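Please look over the sequence and the model shown here before reading on.

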Amino acid sequence: MKKATMILTFACALLAGCKQTASNPEIRINQVGFAPDQEKTATIDVNSADAKPCYVAITNDDSELLWHGVASETMLNPVSGKPRQIIDFSYFDKPGTYMLYVDNGLSTFTCPLTIAEHPYRELTRKALRAFYYQRASMDIVEPYAEGYERKAGHPDDHVLVHASAATAERPEGTVISSPGGWYDAGDYNKYIVNSGYTMGVWLMAYELNPEYYKTLSLNIPESEQPVPDMLAEAMYNIRWMLTMQDTDGGVYHKLTEASFEGFIRPDECQKPRYVVLKTTAAALDFAATMALAARVYAPYEATYPGFVAQATDAAKRAYAWAEANPEVYYDQPKMNEQFNPEITTGAYDDFDVCDEFYWAAIELAILTGEKAYKVAATDHAKAIAEANGQYTPSVWGNVAELGYLDWLMHSEDKAKIKTNMEAMLEYLQPFLDEAESISVHRSPYGNREDDFYWGCNSEGCCWRGIECLYAYRMTGDEKYRINAERCLNYILGQNATGYCYVTGLGSKPVCHPHHRLSYSHPKGTHPGFLAGGPNPMRQDAETDGVQYPKDVPADESYLDYQPSYASNEVTINWNVTLFALSAGLDAIR
Ligand code: G3I
Ligand code: 9MR
C-alpha cells in the first residue's frame, strides 16, 4: 500500500472513530509516560522478517492527527528471533495524553501515550510507599494506608534464639524482642543480608539527590517530622536491624519462621519465629549499613537523639566481630544437619565475603577517617580485583560496587576519581553500544539470553539504569541519562511481554504478584511493587500449578500468576532499585 494511501487509511480509521483499531499488546511502550525532551521510542512486533516499515500516527482525544511517521526497518530480536520494528517519535514533545496508532498494512493497532513534565513522580511515590505496606509489627491505618488498611502482624517481641545462634549469654530458646522492619518480599521473613543491601542503595540514592527527596511527601505516619519522608521510612527498618545484633557484636542472619507461612494475613500468622546463625556476611552488611546511616542521619540528630553514636558503635562492633569470625557462612542444609528445628525459608547465602568486607571498611573509613579501615578497604579492593578482574554490578550477594560508588562520590582525591570511575564506564560501554544498535527494545537491557534470571528486572535492568545515573552525574554525558531512561522504558512496558512490571501502573500492569500481603488483603494487589521478571530457569515450575508455556523465549519466560515466585515475586531489594532509578530520572528534570 503506498504511503499516501496508508495515511489516508489512517485518516479514514480516525474519522470512522477507529472502528478498525483494537487496543493491542503488540505495541511495546513505556506505559507510564515520557518527559517532553526525552527520547521516545516503542517496539512493535510485525508478522514477518521482511515486513515493510509500519506507518505510525499520534492523535489527541478528538482523533485529530497530530503527528505521523514511519517505523524502522524490521530487525530480529536477538533473544527470540522475532521480527520487530522500532518507532521513534522523540520529536513529538507536547505534554498531554494521546493515542498512538500503528498500521502494519493488515490492520491498525493503538495504545495510550502520555507526555508530562514529571512522568516519574507518581511512580517514585508508589514505589517508596510500597515499603510502608511492607512494615511488620504495626497496624497500617488511614489516612496513610490509602485503601490498604490492615492489622499488625508479627509483633516479633517473642522471638526465639535458634540453636544455631545459641551462646552462653543467650542459650537456645532465649526470648528476644526484634520488632519492626520490612517483610523481605512476598514472604513474612526479615533477612539482614538483603536488608543491608537495600539500605545501602536507599541511603546512597538519598545522597545522590537529597533536595529532591526533601520535597517528596509519602503520606506515612512520620510525614510531620522534620525529616525527609524517605529517610523516616528507612529508619523503621534500620531500627529493626539494630535489634538483630547480639551482645558480642555478631548479627543474626535472619528472623524467620521455620518454614514459609501460608498465604494468610499477617495478623493470622501464629508460627514461632527464630533468629538464626550469626554470619560474617550479615555482620558486614549490617556494619556498612550502620556506618552509612550514621553519616546520612547526622543532620537529623534532633529527631533521632543518640542514633549517630549508637549506629557508629554498632557498626564498629559488627566489623570487629567479622574480623574475628571471617568465614562463618550461611549454609542452610549444613545448619539443618546440626540444629533443630529445620529452617527452610530463604537463604541469601554468600560464600565470598571479600566484597562485604570491602563495603563495610569503605563506609567505616568514610565515616571515621580511621586509617585501619582505609588500609582494610584497600587490601580488600585489591583482593576483589585479583579475583574478578572485571567490574561487577552490585546485587545482594556482591556489594563491592556499592562501596566503590560511595567511595567515588566521597573521595577527597578528585584526581583519582576519573581513573577509578573509568572501570565502571568501560563496563557500561558495551550495554550502551548495544542500545545504540537499536536491537530488541532499544535498551541496554534484554539483548542476551543470560540477561534473564530471578530478579533480573531489578538486578539487570534497574540497577544498570542506576549505574548510568552515576555515570551521568560524574561525566555529564547525555548518553548515560538516555540509557537510564531506556532501562526504565523497559520496566514500564517496552519489553517482550508488554507488561508494565510495576503493580498498579500502566495499561497492562502486573496484577497477581507472589505477595502474601496482596493475596490476603480484601483489596488485593498493592500498588508500586516491581515484579522479578522473566526467568527461564523456572525454579518454581510445577509447584502450585505453575505452568510455563512451552518453548517461550527467555525474555518471555514470565507469568503474572501468584504462585510463580521465580518470575513474579516482589522484594525490598528490587523495589529500592525501582525508586532509585525513577527518582534519579525525575530529579534530573
Ligand atoms: O546472577 C546469575 C546470572 O549471572 C546467571 O546468568 C543466572 C542464570 O544462571 O543466575 C543468576 O543467579 C540467580 C540469582 O538469584 C540472581 O540474584 C540464581 O540463579 C537464583 O537462584 C537466585 O535466586 C535467588 C532466590 O532467592 C533463590 O535463592 C534470588 O536472587 C533472591 O532474590 C531470592 O530471594 C528470596 C528470599 O530467599 C526469600 N524472600 C523472597 C526473595 C525473592 O524471591
Ligand atoms: O513464598 C516463598 C517465596 O518468598 C520464596 O522466594 C520462594 C523460594 O524460596 O519460596 C516461596 O515459598 C514456596 C515454597 O518454596 C514451596 N512451596 C510453596 C511456597 C509458596 O509459593
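## Terms and basis

A residue is called buried when its relative accessible area is under 20%, exposed when that area is over 50%, and partly exposed in between, with a 1.4 Å probe and only the protein chains considered. This is a predicted model, in which local features need pLDDT of at least 70 and side-chain atom pairs count only at pLDDT 80 or more, while totals for chains, interfaces and linings use all residues. Residues are numbered from 1 along each chain as its sequence is written, chains are lettered from A and ligands numbered from 1 in the order in which they are written, and side-chain values use heavy atoms, with hydrogens and water left out.

## Two buried loop residues

T571 sits in the loop between α16 and α17 (572–588), where helices (H or I, at least four residues) and strands (E, at least two) are DSSP runs numbered from the N terminus. T571 counts as buried because its relative accessibility is 7%. Its side chain makes a polar contact with the side chain of N573 at 2.5 Å, and the side chain of T571 also reaches the backbone nitrogen of W574 at 3.0 Å. A polar contact here is a pair of N or O atoms within 3.5 Å; within protein, one must be able to donate a hydrogen and the other to accept it, and residues adjacent in sequence count only if both atoms are side-chain atoms.

H521 is placed in the loop between α15 (516–519) and α16 (565–568), and with a relative accessibility of 10% H521 is likewise classed as buried. The C-alpha atoms of H521 and E149 are separated by 8.7 Å, although the two residues are 372 residues apart along the chain.

## Ligand 1

Which residues come nearest to ligand 1? Of the 17 residues around ligand 1, those that come nearest are D184, D187, W396, E459 and E569, a residue being near a molecule or strand if one of its heavy atoms lies within 4 Å of it. The shell around ligand 1 divides into nine nonpolar, three polar and five charged residues, where Ala, Val, Leu, Ile, Met, Phe, Trp, Tyr, Cys and Pro count as nonpolar, Asp, Glu, Lys and Arg as charged, and the others, Gly among them, as polar. At least three residues of this shell come from each of domain 2 (121–411) and domain 3 (436–589), the domain bounds being taken from an automatic or database domain assignment.

Oxygen atoms of ligand 1 lie 3.1 Å from a side-chain N or O atom of W454, 2.9 Å from one of E459 and 2.8 Å from one of E569. Taken alone, ligand 1 exposes 780 Å², of which the protein buries 66%; accessible areas come from the Shrake-Rupley method with a 1.4 Å probe, and for residues only the protein chains shown count as cover.

## Ligand 2

The surroundings of ligand 2 are formed by D187, F260, F263, W454, H514, R516, D544, Y565 and E569. A polar side-chain atom of H514 lies 2.6 Å from an oxygen atom of ligand 2, a polar side-chain atom of E569 lies 2.6 Å from an oxygen atom of this ligand, and for R516 the distance from a side-chain N or O atom to a ligand oxygen is 2.8 Å. Ligand 2 on its own exposes 450 Å², and the protein buries 69% of that area.

## The largest nonpolar core

The largest nonpolar core has 145 residues, of which W202, Y213, I238, Y297, Y319, I491 and F579 touch the most other members. Helix α6 (residues 280–296) supplies the largest share of this core, 13 residues, and the core draws at least three residues from each of domain 2 (121–411) and domain 3 (436–589). Such a core is a set of buried Ala, Val, Leu, Ile, Met, Phe, Trp, Tyr and Cys residues joined through side-chain atoms within 4.5 Å.

## Backbone details

Most residues other than glycine have a negative phi, and most peptide bonds are trans. E142 and P143 are joined by a cis peptide bond with omega of about 5°, and P143 lies in the loop between α2 (121–133) and β10 (159–161). H154, which is not a glycine, has a positive phi of about 55°; H154 is in the loop between α2 and β10 and counts as buried at 6% relative accessibility.
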